[in-house]
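I opened my notebook to look up how the chains of this complex are built and how they meet. The entries below follow the order in which I looked.

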Amino acid sequence: MIAGLKLHGGVVVAILLLLAFAPFIIDWIDKPFYLDLVTRMVILAIAAASLNLILGYGGMISFGHAAYLGIGAYSIGIPAYYGEYDGLYQLAITIIACGSFSLLTGYVCLRTKGVYFIMITLAFAQMMFFALVSIEEYGADDGLVIDLRSELPFGFSLENSVSMYYLCFFILLFFLFIIHRLVNSRFGMVIRGSAVNDSRMQSLGFPTFRYRLLCFVIAGVMCGVAGWLLGNFTNFISPEMMDWTRSGELIFMVVLGGAGSLFGPVLGTAAFVLIEEVLSGFTIYWQLYFGLFLVAVVLFVRGGLDGLLSKFSRSDK
Amino acid sequence: MALLEVNNLHKSFGGISATCDVSIRVEKGELHAIIGPNGAGKTTLISQLTGDLESDSGTVYLDGKNITRLPMHKRARLGMARSFQITSVIDNMSVIENVMLSVQAQSGHSFRFWQPVSAQQELTETSHEILVNVGLQSRSLHRTTELSHGERRQLEVAMALAMRPKLLLLDEPMAGMGSDESIKMIDFISSIKGGTGILLIEHDMDAVFKLADRISVLVEGNIIASGSPEQIRDDKQVRRAYLGDE
Amino acid sequence: MDGALVVVQLLNGIQLGVLLFLVAAGLTLVFGIMDFVNLAHGALYMIGAFICASLTLALDSFLIAIALALPATFIVGYLIERVFICHLYHRDHLDQVLATFGLILVFDTLVHMLWGPAGISYPLPNWMNGQVNLFGFVDFPLYRLLIIFSGITVAIGLYFVIVRTKTGMLIRAGASNRTMISALGVNINQLFRYVFATGAMLAGFAGMIIAPITEASIGMGSDVLLIAFVVIIIGGIGSIRGALIASLIVGLIDTMGRSFLDDLMKLVVSNQAAETSAPALSAMLVYILMAAILFFRPQGLFPPKTR
């Protein structure tokens, strides 16, 4: 059992080490393209980890989480369009925009339950999507090209792809640490409790709505930061970033990795990005196989990769 | 002043009255049992008391405070705890975490984000004591789903107790229990009796007559009799309506 | 704003509403009876359109094509239920959402493989083209009027089945209380299979009749699906009546908003402000409506009676 746990923990440590040294490894094997792949993976892992906070721990199945990726990205894109490249200023806009969007929509969404919640989060994200599609000033469908990445203090430059990568990686680690502390605190107990039995929590005396709302806002802001990174990374923003299929993919990353497990979303995102990359190299019809894979994961893999790993390591003794 | 004072409480569903003009009182330290045949409106009454269901008319006072329109969590904060007829615990947590939640609920707000609960002795120690009291300490780290039915019922009551309630609403705590488990539960309830007011709903007549200081009989949403166990035993109307069919 | 334009847009709104109703009806019943979230419902709208396109082009007759495509989508729906959906009833909503999300990818790609990446347009019979003069001052396309009529016919038929027949009674009972109908000794799986297939056929029908205007294209299903979700949320999940009323409300608000919001806003704000913000606002209108309704009625306008 203890050895098994080490094996499981070992996988996590191995992945984190790989990520930590990714730029050096990629430099060594001389395939610079892979750095882009890994950077994208890390950014999506941040988004997935933030979704995991509400979906995995809080039981709030948000089908509109990609909206925050988009809002975060537009929070660089729109200032950049007006010639404002100050990174901290853009980050502040991201946090305020995502915070208020999640607060407003969360206030309505969290009054509903079950399917209604899934659909209404989806609908709000669509609302954002269509709003941006119809604003000609900011490129509508075509989006905006961002000429320069955010300027950060202390001369830290994001134009260098290795520093860009490490910024993403450290934000991922930082957020995972925050989530870890959150879910084990008193606040986290309330969130996890109301995920499975909200009415019991209320009868114990918890006004669960306000805790769930705050959790929803925290996740939204975290995902917004991922969007801030994504916009910087791609140098391009478009409503496509908050398309509802993006939200579906984020949910899949969380479930694939293991909802309600701290590192699950990282595993899930890594698997997702790699499978997508490999499949799309084989055939233009890769989405067919990807869709079937997704259905198979739902039908046959309970608890995601993280669950598989711990099952495997437990039977391994 | 009674601990719980219910005046003319009424609730109907689509024209059918589930509870009708119900008035009951529970004194401090008293165990007041409500009996009645199936469908008499007992669970509706409990739900109205806890705020799960909104009442059509009538008032509920807890310790002199009008709580008729308060939401569930506020009533809980004021000292009203309940156990559910169908066991309702937090199933993705361990036994002790369930109890810790109850303790936590009574100790201020939970906007505390950083310190792990497992390191907070005020939660862990109190919870451990309560588990020792109900005899579940050996199961403390198990998941609730691993417990037997009887143990889940015990946990349910432990969670209600951990709230240090002024008033405890027990909705058929013995439901589905084996006779051994029932006896343990009866002993347990009599051990906590006196410290807190209890409103007990139960089908098991032996248990009710053993435990109750006062009994009210609810039939078709109406209280048809209320009094000491002896009075209820001798009440002709009650015998006819309820006990007579035995 | 001139009167003729308003009437035309009103009719367009009703036409959109009718179409939404055809899609939403199956969705809301499947939700209501089996508590099943089916994101892949829009795929059947798309599949209906593509099957009808091929048949129309092959047989050179739109009406025969529809007559054949209806049973075809019914069978497709039935098969999808047997192969995938029936394994998912007892799963939680998250699993259902994910699996049917996967199915969308599968169907979109299959359509891509079978019919190619480009959309297919197909012609209407000559007699369906052309305009009709209404009320003496409005010209309106005959075909759009036909869509409205066929949609209303289906709605009346559906209403008749649901309110007047024994099957309908079971469906209604199932939508509001699932345990009751299995307690009645009805084979709920069987019943559901046909409801699912019928819902699939209705969605397919909607796809078939709209495609001559828009062309059959990959992704058309997802677009309509999302608005259909808004419809059933507003209407109350499981309620056919709610779906009908909400479809018409959504169809009208969306169409009217897109055509007249900027004119209306010009009455209040400056021309330039109206022109820049009206498109975005009208795109959001339906969602704002939904948020407002849910804020006051978290279960929609016609919530199913529970327990």
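**Chain A**

I began with chain A, in which I count 14 helices and two strands, where helices (H or I, at least four residues) and strands (E, at least two) are DSSP runs numbered from the N terminus. I then looked up the radius of gyration of chain A, which is 19 Å, close to the 20 Å that the globule rule gives for 317 residues, so chain A is as compact as a globular protein of that length. That radius is taken over C-alpha atoms, and the globule rule is 2.2 Å times the number of residues to the power 0.38. Along its principal axes, the C-alpha trace of chain A spans about 55 × 50 × 45 Å.

I note that this is a predicted model, in which local features need pLDDT of at least 70 and side-chain atom pairs count only at pLDDT 80 or more, while totals for chains, interfaces and linings use all residues. Residues are numbered from 1 along each chain as its sequence is written, and chains are lettered from A and ligands numbered from 1 in the order in which they are written.

Of the 317 residues of chain A, 55% count as buried; a residue is buried if 20 or more other C-beta atoms, placed from the backbone, lie within 10 Å of its own, exposed if 12 or fewer, and partly exposed in between. Among contacts in chain A between residues at least 6 apart in sequence, 77% join residues at least 24 apart, a contact being two residues whose C-beta atoms, placed from the backbone, lie within 7 Å.

**Chain B**

I looked up chain B next and found nine helices and ten strands. A compact globule of 246 residues would have a radius of gyration near 18 Å, and chain B has 18 Å, which agrees. The C-alpha trace of chain B spans about 60 × 40 × 35 Å along its principal axes, and buried residues make up 44% of the 246 residues in the chain. For contacts in chain B between residues at least 6 apart in sequence, I find that 65% join residues at least 24 apart.

**Where the chains touch**

Which chains have the most contacts between them, among the two pairs that touch? They are chains A and C, with 36 residues of chain C in contact with 37 residues of chain A. On the side of chain C that touches chain A, α4 (93-115), α9 (220-235) and α11 (271-296) of chain C each supply at least two residues, and α4(C) gives the largest share, 16 residues. I sorted the residues of that side of chain C into 28 nonpolar, six polar and two charged, with Ala, Val, Leu, Ile, Met, Phe, Trp, Tyr, Cys and Pro counted as nonpolar, Asp, Glu, Lys and Arg as charged, and the others, Gly among them, as polar.

The contact of chain A with chain B takes 20 residues from chain A and 28 residues from chain B. On the chain A side, α7 (161-184), α8 (186-196) and α9 (198-204) each supply at least two residues, and the largest share, seven residues, comes from α8(A). The residues of this side of chain A divide into nine nonpolar, seven polar and four charged. No contact joins chain B and chain C, and their closest C-alpha atoms lie 11 Å apart.

In α2(C), 15 of the 19 residues are buried, so the helix is largely enclosed by the rest of the structure.

Most residues other than glycine have a negative phi. Just after α2(C), however, C:Asp60 takes a positive phi of about 65°, and this residue is found in the loop between α2 and α3 of chain C. With 11 C-beta neighbours inside 10 Å, C:Asp60 counts as exposed.

A:Asn235 also has a positive phi, of about 55°, although it is not a glycine. A:Asn235 is found in the loop between α10 (208-234) and β2 (236-237) of chain A, and with 16 C-beta neighbours inside 10 Å it counts as partly exposed.

**Confidence**

The mean for chain C is 85, and 94% of its residues reach 70 or more. Within chain C, confidence is lowest in helix α7 (residues 178-183), at a mean of 65, and highest in helix α3 (residues 62-83), at 93. For the complex, the predictor gives an ipTM of 0.87 and a pTM of 0.88.

How values were computed: pLDDT = per-residue confidence, 0-100.
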